[in-house]
Amino acid sequence: MFMNPILERHKGELDKCVTCAICQPVCPTFQLSGLEKLSPRGRIVLLRRIVNGDIDPSIIADDTYNYCTLCYACQSACPAGVKTDLLFIGARQEIAAAKGLPKVKKKVFEMLESPERVNKAVRMGSIAQKTLGSATVNRLAGGMNVPKLRGKAILKELPDVIEPEGGKVRATVAFFVGCMSNYVDARAAYASLEVLRRFGARIIIPKQQVCCGAPAFNNGDFATAESLAATNLALFEDAEIDAVISPDATCSGAFRHEIPELVWDNDELAVSAQLVAKKTMDWAEFVLTRLDPRFPPTREPKVTVTIHDSCHLAHTQKTHRSVHDLLAMLPNVEIIPLPDSTICCGFGGSFSAMYPEDAATWAGRKLDTIGNTSAEIGIVSSPGCLNHLDMVRSDRREINYRLMHPAELICERYGWTPGW
Ligand code: SF4
Ligand code: SF4
């Protein structure tokens, strides 16, 4: 039986699983469904049978692997170190290859290769959401829940280069915006650019950048993901750049982790993927470790915050503590620990598009946990999670705390607004 290269390379991970179920309590889809088959262990046991050739992937129900937020809390919890991320992506690709991707998904992923087509579609989608309503747009999108679109891509609003405050360059970085910031919710991108600029980064923004490929990769469309990776790697491998920075943990995680896996056996791309992976950092990690940030005293009143750790920082990159450490340096800011801070909020990219009700239920649990800390502000360190939680919160009038990206908090405390 032919298997996709990722599954072929990593199928040995399946043997490491001792079926202990320690991963079950951290798994949102097991907690939501109560079903073994929708738990990490259940998915591993089934995948063993697929890999052994006992079950044809074409007969696997779509939900088995799609109804997974790809949060990888299971991987962090697993005492045997099973790489569930690569296994579950490999499973999705195997099933997609056997059954074919749904037409709408295939079209969307292919469109991502042409930013102009995406810009046009997003502009039209935004107009349609305002005139026809979200329900109609969702119906036209094959039943997927489309987030509220911005209308204008922020890559069209940003300059090509942003010089640092005061002119002294401490580092030169290339900025990867990410689709969520580009087309849906730009708060995180604008604020993190401003924090980078204030602490001495010269920021280059390559305008030809395309989607990082994570949505295509995560849904088993490896060919489109590889084509997108090729475009971005050519732009970001520039040796004159100290780092590639993204405000979106999903995208920085893709550059660091998923793209090198994807192009592992591609002679033309593998070296450049490793190079870019080594240079890629989340914005907070970069500010903290490379820009020596000093926060001056402020007359702002004391504020209490609590921090939700986005999965792709906590479980893919394991750099979530940099957000805590950076915010701990802010005068008059008290951080209240958030129980289960590294458990998924239910966003999960295509998960919230395909299973909006369950995604909202799980977000509600996160919102309650934040509320129980009595913090005045809930900090959410990735734009997709922030937008998802904010959307669900808009139906919860009793919630009186605010949700912000960590860079937004820094900008608000010092009255910093985009200085370019
Ligand atoms: S994936 Fe890890 S934690 Fe989960 S059942 Fe297997 S060995 Fe146990
Ligand atoms: S990645 Fe997250 S949702 Fe998927 S099986 Fe693991 S814990 Fe559950």
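The protein is divided into four stretches: domain 1 (5-99), domain 2 (103-140), domain 3 (154-290) and domain 4 (303-414), with bounds that come from an automatic or database domain assignment. This is a predicted model, in which local features need pLDDT of at least 70, side-chain atom pairs count only at pLDDT 80 or more, and totals for chains, interfaces and linings use all residues. Residues are numbered from 1 along each chain as its sequence is written, while chains are lettered from A and ligands numbered from 1 in the order in which they are written.

**Overall build**

- You will find 23 helices and nine strands in the protein; helices (H or I, at least four residues) and strands (E, at least two) are DSSP runs, numbered from the N terminus.
- The radius of gyration is 21 Å, close to the 22 Å that the globule rule gives for 420 residues, so the protein is as compact as a globular protein of that length. That radius is taken over C-alpha atoms, and the rule is 2.2 Å times the number of residues to the power 0.38.
- Along the principal axes, the C-alpha atoms fill a box of roughly 65 × 50 × 50 Å.
- Of the 420 residues, 48% count as buried. A residue is buried if 20 or more other C-beta atoms lie within 10 Å of its own, exposed if 12 or fewer, and partly exposed in between, with C-beta atoms placed from the backbone.
- Among contacts between residues at least 6 apart in sequence, 80% join residues at least 24 apart. Two residues are in contact if their C-beta atoms, placed from the backbone, lie within 7 Å.

**The nonpolar core**

- The largest nonpolar core has 123 residues, and Ala73, Val173, Leu196, Ala229, Ile245, Val287 and Leu389 touch the most other members. Such a core is a set of buried Ala, Val, Leu, Ile, Met, Phe, Trp, Tyr and Cys residues joined through C-beta atoms within 7 Å.
- Helix 7 (residues 84-99) gives the most to this core, with seven residues.
- Leaving aside residues up to four places away in sequence, Ala229 touches Gly213, Ile259, Leu262, Val263, Leu269 and Ala273.

**Around the two ligands**

- Ligand 1 has 15 residues around it, and Cys17, Cys20, Cys23, Arg41 and Cys78 come nearest. A residue is near a molecule or strand if its C-beta atom, placed from the backbone, lies within 6 Å of it.
- Helix 4 gives the most to the shell around ligand 1, with three residues.
- The shell around ligand 1 divides into 13 nonpolar residues, one polar and one charged. Here Ala, Val, Leu, Ile, Met, Phe, Trp, Tyr, Cys and Pro count as nonpolar, Asp, Glu, Lys and Arg as charged, and the others, Gly among them, as polar.
- Of the 14 residues around ligand 2, Cys27, Pro40, Cys68, Cys71 and Cys74 come nearest. Helix 3 (28-33), helix 4 (40-51) and helix 6 (73-77) are the elements that give two or more residues to this shell.
- In the shell around ligand 2 there are 10 nonpolar residues, three polar and one charged.

**Where domain 2 meets domain 3**

- The centres of domain 2 and domain 3, taken over C-alpha atoms, are separated by 24 Å.
- Eight residues of domain 2 are in contact with 10 residues of domain 3.
- Helix 8 (103-111) and helix 9 (115-131) each supply at least two residues of the domain 2 side, and the largest share, four residues, comes from helix 8.
- That side of domain 2 divides into four nonpolar residues, no polar and four charged.

**Helix 17**

- Helix 17 (residues 283-290) is mostly covered, with six of its eight residues buried: Trp283, Ala284, Glu285, Phe286, Val287 and Leu288.
- These buried residues pack against several elements, including strand 2 (171-175), helix 12 (187-198) and helix 23 (406-414).
- Just after helix 17, Asp292 takes a positive phi of about 45°.

**Single residues to look at**

- Most residues other than glycine have a negative phi.
- Ala21 has a positive phi of about 75°. Ala21 lies in the loop between helix 2 (13-16) and helix 3, and is partly exposed, with 14 other C-beta atoms within 10 Å.
- Tyr72 also has a positive phi, near 65°. Tyr72 lies in the loop between helix 5 (63-66) and helix 6, and is buried, with 25 other C-beta atoms within 10 Å.
- Pro28 lies in helix 3 and counts as buried, with 26 C-beta neighbours inside 10 Å. Not counting residues up to four places away in sequence, Pro28 touches Thr69, Cys71, Cys344, Gly346 and Trp362.
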